[in-house]
Amino acid sequence: MSRRVVRRSKFRHVFGQAAKADQSYEDIRVSKVTWDSSFCAVNPKFLAIIVEAGGGGAFIVLPLAKTGRVDKNYPLVTGHTAPVLDIDWCPHNDNVIASASDDTTVMVWQIPDCTPMRNITEPILTLEGHSKRVGILCWHPTARNVLLSAGGDNVILIWNVGTGEVLLSLDDMHPDVIHSVCWNSNGSLLATTCKDKNLRIIDPRKGQVVAERARPHEGARPLRAVFTADGKLLSTGFSRMSERQVALWDPNNFEEPVALQEMDTSNGVLLPFYDPDSSIVYLCGKGDSSIRYFEITDEPPFVHYLNTFSSKEPQRGMGFMPKRGLDVSKCEIARFYKLHERKCEPIIMTVPRKSDLFQDDLYPDTPGPEPALEADEWLSGQDAEPVLISLRDGYVPPKHRELRVTKRNILDVRPPAGPRRSQSASDAPLSQQHTLETLLEEIKALREQVQAQEQRITALENMLCELVDGTD
């Protein structure tokens with residue numbers, strides 16, 4: 001008799017469980033915008049969700065502990081003049097979040113530790129460089145203040161948020177709309193997918209496509225791709241028969257996939273969430289009511305199906321908690337924040353273990369909040385792996401850290417000083433131009449004053465919070 005050998009894996013019994021009702025976030029009007037982003041971003045301090053808002057775009061930021069019903073008058077982050085399409089927390093400062101919008105701008109916000117008294121309307125920084133809507137944001141994994149944005153103008157811009165400048169512009173690599181962008185582990189390469197059905201690996205500092213695969217999935221629906229820990233690429237897409245697929249690729253040999261699995265027939269784009277510590281990828285389809293997860297190994301078939309978490313209600317979006325925000329005492333290896341129409345529900349992935357001791361094999365050292373490089377060092381060609389921290393004693397987020405922006409004065413629009421000529425009919429347009437420039441300067445100066453006052457109020461509110469915490 002031949003005996004079937006079961007593959008050994010510590011993640012074979014991972015199971016998902018929805019949090020209890022009182023641990024959900026109720027009464028949140030999740031955005032109805034038709035855009036394939038996750039609509040949700042989470043870190044060890046805050047949960048941010050893109051919401052419906054009249055007269056522009058907005059998102060709500062809740063402290064993780066503020067579960068239950070959310071007051072309908074809870075302050076929002078409002079500043080965009082059109083719907084918000086994507087949000088992303090800075091990996092090196094838990095109080096800083098970036099938002100991208102249909103209004104062609106990217107805004108960077110400082111979120112106070114305590115609940116603000118009113119809507120947050122003044123960003124620390126507004127980044128203007130795209131000519132069409134901006135739908136993708138992605139912070140650099142190891143360099144401080146480096147943010148990537150991709151827009152409907154088929155351009156990728158990489159910004160230094162500390163100065164408000166564009167570091168790099170990749171504007172001739174994608175002939176059509178960009179569907180996804182992902183950094184590799186040290187931020188030296190980008191993987192992008194595009195409406196032209198091609199999967200590209202780009203060296204942003206050289207401005208070169210270093211590898212390209214035409215039609216990794218034959219179907220017409222959008223592709224997604226993420227880097228794995230060992231530099232391979234995992235892509236999700238559709239077959240010609242509209243079956244959803246997941247494939248693993250070796251960038252050194254793009255001809256054939258290392259592995260290809262077909263799953264089911266559905267229209268929902270699969271959003272891949274990859275955990276480099278466990279080498280597990282979680283696939284969440286928009287409109288699905290399930291999360292499938294696979295372990296990626298060096299042994300055939302390379303992509304091993306583990307299990308599926310199923311629930312009754314479809315998901316509108318999904319947030320994925322960084323490893324440092326998990327509860328290591330409960331052997332929690334992943335936590336999702338599933339968006340329903342009117343609420344957000346945490347889903348916890350756990351490895352069952354009998355011991356209460358810290359499980360070294362489940363929690364290798366993981367990227368912490370300290371950047372490994374400054375923006376200028378990265379731009380000059382340096383690379384560094386993330387600065388790792390141990391989760392043995394759990395992770396305590398640091399207190400509020402302020403992002404300081406030092407803008408460089410690139411352009412002076414003031415009219416040149418000098419003797420004025422006598423007014424004549426031919427001089428009218430020039431004198432109007434001077435008046436316009438003066439008015440624009442005054443408006444700009446007043447805006448800067450208002451922004452400075454807002455930042456001062458935020459700083460005072462934080463000091464007040466700390467004093468209140470101290471007296472408690």
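**Cavities and core**

The largest cavity has a volume of about 240 Å³. This is a predicted model, in which local features need pLDDT of at least 70, side-chain atom pairs count only at pLDDT 80 or more, and totals for chains, interfaces and linings use all residues. Residues are numbered from 1 along each chain as its sequence is written, and side-chain values use heavy atoms, with hydrogens and water left out.

Rolling a probe the size of a water molecule over the atoms shows where empty space is left. A cavity here is a set of points, on a 1 Å grid over the protein atoms alone, where a 1.4 Å probe fits but cannot get out. Lining residues have an atom within 4 Å of a point. Grid points are joined across faces, edges and corners, and a volume is the space filled by probe spheres set on the points.

Two cavities of 30 Å³ or more are present. Start with the largest. Its lining has 18 residues. Nearest its centre lie Gln 110, Ile 120, Glu 122, Glu 454 and Thr 458. Helix H2 (residues 428-471) gives the most to this lining, with six residues. Helices (H or I, at least four residues) and strands (E, at least two) are DSSP runs, numbered from the N terminus. By class, the lining of the largest cavity has seven nonpolar, six polar and five charged residues. Nonpolar covers Ala, Val, Leu, Ile, Met, Phe, Trp, Tyr, Cys and Pro; charged covers Asp, Glu, Lys and Arg; the others, Gly among them, are polar.

Now the second largest cavity. Its volume is about 90 Å³. It is lined by 14 residues, with Val 61, Tyr 74, Ile 111, Pro 116 and Ile 120 closest to its centre. This lining divides into 12 nonpolar, one polar and one charged residues.

Take Val 61 from that list. Val 61 sits in strand E5. It is buried, at 9% relative accessibility. Buried means under 20% relative accessible area, exposed over 50%, and partly exposed in between (1.4 Å probe, protein chains only). Beyond residues up to four places away in sequence, Val 61 touches Phe 46, Leu 47, Ala 48, Tyr 74, Val 77, Trp 89 and Ile 111. Contact means heavy atoms within 4.5 Å.

Next, the packing. In soluble globular proteins, nonpolar side chains tend to be buried together. A nonpolar core is a set of buried Ala, Val, Leu, Ile, Met, Phe, Trp, Tyr and Cys residues joined through side-chain atoms within 4.5 Å. The largest one has 38 residues. Those touching the most other members are Ile 28, Leu 47, Ile 49, Phe 59, Ile 60, Ile 111 and Tyr 337. Strands E3 (40-42), E4 (46-51), E5 (57-63), E8 (84-89), E10 (105-110) and E29 (332-339) are the elements that give two or more residues to this core. E4 provides the largest share, six residues.

Ile 60 shows the packing in detail. Leaving aside neighbours within four places in sequence, Ile 60 contacts Ile 28, Leu 47, Ala 48, Ile 49, Val 51, Val 70, Tyr 74, Pro 75 and Leu 76. A second, separate core has 25 residues, including Phe 273, Ile 291, Ala 334 and Tyr 395.

Terms used. 1 Å grid on protein atoms, 1.4 Å probe; cavity = no way out; pocket = protein on both sides within 12 Å on 5 of 7 lines; lining within 4 Å.
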